[in-house]
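Subject: Structure handover

Hi,

Here is the structure I promised to pass on.

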Amino acid sequence: MGVDLRQVVAGILTITMFVMLGQMLHRDYYDSLQEKAQGDAHDIEFEGSRVSVKDSLVGALEGNKGPWMDDNNDLNPCWPTLLSDEAVSSKGYVTFSLTNGPEYHISQITDAVMVAKHLGATLVLPDIRGSKPGDERSFEDIYDADKLIKSLENVIKVVKQLPEQVSLRDIAIVKVPTRVTEDYIKEHIEPIFKSKGNIRVATYFPSVNLRKSSQDGETDPVACLAMFGSLELQPELNAVVESMIERLRTHSSKSGGRFIAVDLRIEALEKKNCHSTGVGGSKTCYNAQEIAVFLRKLGFAGDTTIYLTQPRWDSSLNILKDIFPKTFTKEAVMPASKRSKYLESESSEYENVIDFYISSRSDVFVPAISGLFYANTVGKRIALGKPQVLVPAEISETSSLATDFISPYISKKNHLAYSCFC
């Protein structure tokens, strides 16, 4: 009986098809997102960092996994040449408190310094107050007092305590809008100061937007110094942060020691109702699953190390850990000897500060939640030369270039920090 050649060919093609189908079924779905490589690759420049873009996915030119970019150290502080070395006179006191977490502390310290400078007053180191009644601690529990005093010595006089002869009843409380200007101080605050002799500043936030605008004019060099050159962690707490960063880098050996910090807090997500959308259909926050898909579609490998600002592990984060097994909250990377002090306190102040400084120092920062934490973290990262801030979005099958997700604060250079660095 003769063999039909057409049947033989058809049989071979059928077997080949099943082999190919089997390979496709066993391939990790998310890996396929990285392996789409049709068309020509081209290089682009972004903030001094060269990355390779291929079919809307970004990868390091050196061949490392993921869309990592180099730091940009081209910017330098503009304010030193603008500050005078005039002797500081003092004719009264300005007091204030730091509240609501480190993202607010930066603005509060800046506004208090501006007020003291333009009134010719002495600034009193603030206390730090948490969200709960009676939750108070000293400035030196978290920040380096000597560093702040030294950094401002040619601008204002700073003392650690209000003199005993100054009665609290003699201090007028003055509400000050954040990003307060010299003109506002002269018009609205100086008359009160002249009348009472001492004031207590309470900053309020008409907006959490830190974009610079044409109406702002040039940023006061005193504000730049206060915002980016005065506030540092006290040595013990700074050492804890350094050890946590080092541990995260140790987990990231396959990506050159690089890691991602994601500001994702379950309680905040629940308050913001992440199912709702903002102006133009954009969301104001993203959950763990959405962040996982976003990062994977941008090309980050499954072994990428991720740090979350979530206080403790929550079951809703499991989907993120399934896709990125090296996902940690702070209790997993903090030295065991420090957990009782910094994690088991009734106050969350330490944890918030740790989150802010790790997010500022990570190789990539992803804000799952909009707000002042995001805005001031971006400012800190600009000062440190770390422009890799990726704002989440839902990416379609035919996604845009990964650089389309760089924070507008950086891609448009419209963050207030760009007024202070040049």
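Let me start with a sheet. Three strands make up an open sheet, ordered β5-β7-β8, with mixed pairing. Here two strands pair if DSSP finds at least two bridges between them, and helices (H or I, at least four residues) and strands (E, at least two) are DSSP runs, numbered from the N terminus. At the edges sit β5 (97–99) and β8 (136–138), each pairing on one side only. On average, neighbouring strands of this sheet are turned by 30° against each other, direction ignored. For angles, axes are lines fitted to C-alpha atoms (for helices over the stretch in contact), and the values run from 0 to 180 degrees between N-to-C directions.

As a reminder, strands of a sheet pair through backbone hydrogen bonds, either parallel or antiparallel. In this sheet, β5 pairs with β7 (residues 127–129) in the parallel sense, over three bridges. L98 is opposite I128 in β7. Helix α3 (residues 102–119) lies across β5 and β7 and runs at about 155° to β5.

Before you read on: this is a predicted model, so local features need pLDDT of at least 70 and side-chain atom pairs count only at pLDDT 80 or more, while totals for chains, interfaces and linings use all residues. Residues are numbered from 1 along each chain as its sequence is written, and side-chain values use heavy atoms, with hydrogens and water left out.

Staying with α3 for a moment, that helix contains H118. H118 counts as buried, at 15% relative accessibility; buried means under 20% relative accessible area, exposed over 50%, and partly exposed in between (1.4 Å probe, protein chains only). Which residues is H118 in contact with, leaving aside its neighbours within four places in sequence? They are E182, I185, K186 and D220, where contact means heavy atoms within 4.5 Å.

Now the cysteines. Searching the whole structure turns up two disulfides, a disulfide being a pair of cysteine sulfur atoms within 2.5 Å.

One of them joins C78 to C422, with 2.2 Å from S to S. That pair links distant parts of the chain, 344 residues apart: C78 is in the loop between β3 (57–59) and β4 (93–95), and C422 is in the segment after α15 (408–411). C78 is buried at a relative accessible area of 16%, whereas C422 counts as exposed at 55%.

The other is formed by C224 and C420, whose sulfur atoms are 2.0 Å apart. The link of C224 and C420 is left-handed, with -75° about the S-S bond. C224 lies in helix α6 (residues 221–229) and C420 in the segment after α15, so this pair ties together parts that are 196 residues apart in sequence. C224 is buried, with 2% relative accessible area, and C420 counts as buried at 1%.

On to the aromatics. The count comes to eleven aromatic pairs. The rule: rings of Phe, Tyr and Trp (its six-membered ring) pair if their centres lie within 6.5 Å, with planes under 30 degrees apart counted as stacked, over 60 as edge-to-face and the rest as tilted.

Among them is W68 with F300: the ring centres are 5.1 Å apart and the planes are at 80°, so the pair is edge-to-face. W68 is in the loop between β3 and β4 and F300 is in the loop between α9 (288–297) and β13 (305–308), so parts 232 residues apart in sequence are tied together. W68 and F300 are both buried.

F365 and F373 make a tilted pair, 6.4 Å centre to centre with 45° between the planes. Both of these residues are buried, and F365 and F373 form one aromatic cluster with F356 and Y357.

One more spot to look at is T403, in the loop between α14 (372–384) and α15. T403 is buried, with a relative accessible area of 18%. Its C-alpha atom is 9.5 Å from that of P67, although T403 and P67 are 336 residues apart along the chain.

Finally, the chain as a whole. The protein chain has 15 helices and 15 strands. It has 422 residues, of which 48% count as buried. Among contacts in the chain with a separation of 6 or more, 71% are between residues 24 or more positions apart.

Cheers
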